[in-house]
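Student: I would like to learn how to read salt bridges in a protein model. Please show me the structure and start from the general idea.

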Amino acid sequence: MESLRLKANYRCVPSLQQFYTGGPYAVSSDGSFIACACADSIKIVDSANSSIRSILDGDSESVTALALSPDDKLLFSSSHSRQIRVWDLSTLKCVRSWKGHDGPVMSMACHPSGGLLGTGGADRKVLVWDVDGGFCTHFFKGHGGVVSCVMFHPDPKKQLLFSGSDDGGDNATIRVWDVSKTKKKNCIATLDNHRSAVTSIAVSEDGWTLLSAGRDKAGSTRLHITFFF
């Protein structure tokens, strides 16, 4: 039987590089790319082959929050420096930046219209920003701890912002904020079924059910469902 002859020389084909070191990430609406933190930089990774499309240089501070605009043209980022940056992904340039929180921004989400950005911070504040102007349109207080997640209702007509926090002890809350300018009372509901940090929130496809997950009972995940009328 003839022995198998192996090649003696090899050439390197495209190799994979480290692109994620833990922390925030954002997936494009069509799933074609992922923006993820890698220490103090942000890497744009092709979902099809895990190659790095581009790298956005940070400000020497670890990235704490990321979000994409609905059309995937803008990337929002923040780090321990508390600076909120807006990146144009077509040019890879930072087109504007601003500060407003007294502590690191730990969560952010873009409104379905693309015109507003919601941010939650370690300073227990929830702020809403005009994306084009970089100014604060809403200042919400009420959480007792780090605001770990924020999300706008996917239907822009509902004008609702959800935020979840770890209020310390055996208490964690989700608050529902009305971001329309016609309402006097902005916090329209406080949900307090969780007993540890709220880690994520989502809205059902029909828009009437809010689901939340948290680190309840030593790391277990618990889902709570609330109906909005």
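Student: How many salt bridges does a search of the whole structure find?

Tutor: Side chains of opposite charge can pair when their charged atoms come close. A salt bridge is defined here as a side-chain nitrogen of Lys or Arg within 4 Å of a carboxyl oxygen of Asp or Glu. The search finds three of them. This is a predicted model, where local features need pLDDT of at least 70 and side-chain atom pairs count only at pLDDT 80 or more, while totals for chains, interfaces and linings use all residues. Residues are numbered from 1 along each chain as its sequence is written, and side-chain values use heavy atoms, with hydrogens and water left out.

Student: Which residue forms a salt bridge with R53?

Tutor: The partner is D46, and the closest N and O atoms are 3.4 Å apart. For accessibility, buried means under 20% relative accessible area, exposed over 50%, and partly exposed in between (1.4 Å probe, protein chains only). R53 is partly exposed at 44%, whereas D46 is buried at 16%.

Student: Which residue pairs with D102 in a salt bridge, and how far apart are the closest N and O atoms?

Tutor: D102 pairs with K125, at 2.5 Å. D102 is exposed, with 56% relative accessibility, and K125 is buried, with 15%.

Student: What is the distance between the closest N and O atoms of R85 and D59?

Tutor: That salt bridge has them 3.0 Å apart. R85 lies in strand β7 and D59 in the loop between β4 and β5, so the pair ties together parts 26 residues apart in sequence. Strands are DSSP runs (E, at least two residues), numbered from the N terminus.

Notes:
Helices (H or I, at least four residues) and strands (E, at least two) are DSSP runs, numbered from the N terminus.
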